[in-house]
Structures are given as C-alpha cells and as structure tokens.
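Please review the following briefing alongside the sequence and the model.

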Amino acid sequence: MHSYRVSGQDDPVSKENLMPMVAHIQQLTDVKPLLGIICGSGLGGLAELVDNPTFISYKDIPGFPVSTAPGHKGRLVFGLLDGYPVVLMQGRLHSYEGIPLWQVTLPVRVMKLLGINTIIVTNAVGGINQSLQVGDIMLVRDHLNLFALGGDSPLRGPNDEAFGPRFFSVNTLYGEKLREIAKETGKELGLQHRVKEGILTITGGPNFESIAELRLFKMAGADAVGMSNIPECLVAHHCGIQVLSFSLITNMCSVDYGCELQEPNAEEVLEVGERCTEDLCNFVKSIVKKIQNLNM
Ligand code: HPA
C-alpha cells in the first residue's frame, strides 16, 4: 500500500478500492450496522455490551490497517447493542504508530460502506482547562486541529466524490442534537457533574506535550488534548455520518513550571479508562437507546 496519496494515482481509499474489504466483512457477519463506535484507550470494555458478537481482527481483513497501541485489541465487533445493529472498533489506529492519516481513518469509510449513519468516537485525553477533573467525560463541541493547520489531513490527496465534496465546512461537525442527547443521558444517569463540553486539540505524540506547548493550547482555547479522534471525526463528517465525539479525561496536564514532576503516563491513562468503563458503558448504551428511539 502507498504511504501517501497523490492526485492522479490510484486512490487506496476510493469507494471502488474499499469495496473488496466490505465484501470480505459481509461474508463473515450478517449484521448490517447503523451505528459505529470507536473505542479509545482503556475503553475497549464497551465491546462487552454487544450481544451475539462477531469478532473480526483487523489483520484478517486484507488491506485493513493493524493497530499496535497498548490497550487496543485491534478488531471489529459486530452485533446488537440494546437491539440496535452496531460495529465497534475495539482499538483504533494512531498517527504515532507510523500510520498515515488516510489509513488511520480508512475504517470510517469502510463502516460508511457497511451502512452506518452515525458514529460515536471516543478517546482518552489530558485536561487543560482546570475546571475539568480526572474521570470527566468531555463532549467535543469543536476542535483545534493542529494536524490540519500543519498541512496534514486524512482527506489530503485525491477526493472520491462518492464520499463527499473536495471542500467542506466543519461548523456543524459535532452536531448539537447528539450532544444534547448525551447531556440529557448524563443527567438521567446522575453523571451530570461529570459530563462537560469543550474544545479538543490533537498532537501527533507519542510523547506527552511539553509545558510550553500546553500553555499555547490553553491560550488558544483548547480544553483538552489527545493523540487521536479528530481525524476520524473529519472523515466521518465528510461522508455525511452524524458524529458524537467524547473524550475521557484520564489526567490533568500541568501548565505551570515547578510542577514538572506531575508527569502524565500511559499506565495512568489505561487505569483511569478501566476504572471508568462501567459508567462509560452505561452512558453509551443509554445514548444508543435514544438514537434508536428517535430513529436518527
Ligand atoms: N496528552 C495527550 N494525549 C493523552 C493525554 C495527554 O495528557 N492523556 C491521555 N491521552
């Protein structure tokens, strides 16, 4: 496979080139998913919500990218969530694994071709806004996409109009209706003090951010920072999938010199993810129930 895409060359993520992957998957499951869920670090426990699951490892789908990140199983899970046909990505792909963004987001297009119209994208993040706390769920209401500002986008390269137009707006990417449903769900579950809303930014990782970088993000209005999520949301929006994105605050970022020893670490991220799994599972399940009832 190409490591980059150039206009005029065969596009590896055109509809035509992805259809064999879709056909391969459809031979292995009868589930016709309407909703996709991307599980972030430590959030793979969401897969346990799926009834009668069919597991398909990424490595068993010819041409599908394979994830290597800790806490990411690397498989699709098909089944019913509260009676609603879903596909989960138990484990996502990251730029820091050396995977180009078009490949990181390839599964979103595959899920689109499998029939999803809505996606829930989750990840683990560090909190920058000091009103956030570890364990909070931050609904993404907008993003500060440093990748795109630096010239990298999963949609860079040839554009297959079968998915969406060359140029498109992101003003309504994080749709208000789904965010309202999520907030209402938070209240019903007694999680209203932990369900917040904010602006997500992204770095390439794999290192956590320097204090100077965090200060820049804070000044620019970002509430939290992660190493994923935004590319998948962009590609989903481009091809007309409704997006709900939320981030679990797994650590607070210290933006003050003198606090250098309060360092974030991967173990803490996974541990907080696991500790919050039950609440997150209930949260997602209740949201899916509402989406299903509204026939969105
Ligand atoms: N920074 C970037 N990504 C993260 C963090 C962080 O502090 N925590 C979890 N993912």
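**Ligand site and selected local features**

A nitrogen atom of the ligand lies 2.9 Å from an N or O atom in the side chain of E209. This is a predicted model, in which local features need pLDDT of at least 70 and side-chain atom pairs count only at pLDDT 80 or more, while totals for chains, interfaces and linings use all residues. Residues are numbered from 1 along each chain as its sequence is written, and side-chain values use heavy atoms, with hydrogens and water left out.

- The side chain of N251 places an N or O atom 2.7 Å from a nitrogen atom of the ligand.
- The protein covers 95% of the 260 Å² of accessible area that the ligand has on its own (Shrake-Rupley method, 1.4 Å probe).
- For G126, a backbone N or O atom is 3.4 Å from a nitrogen atom of the ligand.

- The residues around the ligand, each with a heavy atom within 4 Å of it, are A124, V125, G126, F208, E209, V225, G226, M227, T250, N251, C253 and V269.
- By class, this shell has 7 nonpolar, 4 polar and 1 charged residues; Ala, Val, Leu, Ile, Met, Phe, Trp, Tyr, Cys and Pro count as nonpolar, Asp, Glu, Lys and Arg as charged, and the others, Gly among them, as polar.
- At least two shell residues each come from β5 (118-127), β8 (224-226) and β9 (242-252), strands being DSSP runs of E of at least two residues and helices runs of H or I of at least four, numbered from the N terminus.
- β5 supplies the largest share of the shell, 3 residues.

**Helix α3**

- Of the 9 residues in α3 (residues 106-114), 8 are buried, where buried means under 20% relative accessible area, exposed over 50%, and partly exposed in between (1.4 Å probe, protein chains only).
- The buried residues of α3 are L106, P107, V108, R109, V110, M111, L113 and L114.
- Just after α3, G115 has a positive phi of about 120 degrees.

**Segment before α1**

- Y4 lies in the segment before α1 (15-28) and is exposed, because its relative accessible area is 51%.
- R5, also found in the segment before α1, is buried, because its relative accessible area is 8%.
- The side chain of R5 makes a polar contact with the side chain of D11 at 3.0 Å (a pair of N or O atoms within 3.5 Å; within protein, one must be able to donate a hydrogen and the other to accept it, and residues adjacent in sequence count only if both atoms are side-chain atoms).
- The R5 side chain also reaches the backbone oxygen of P154, at 3.0 Å.
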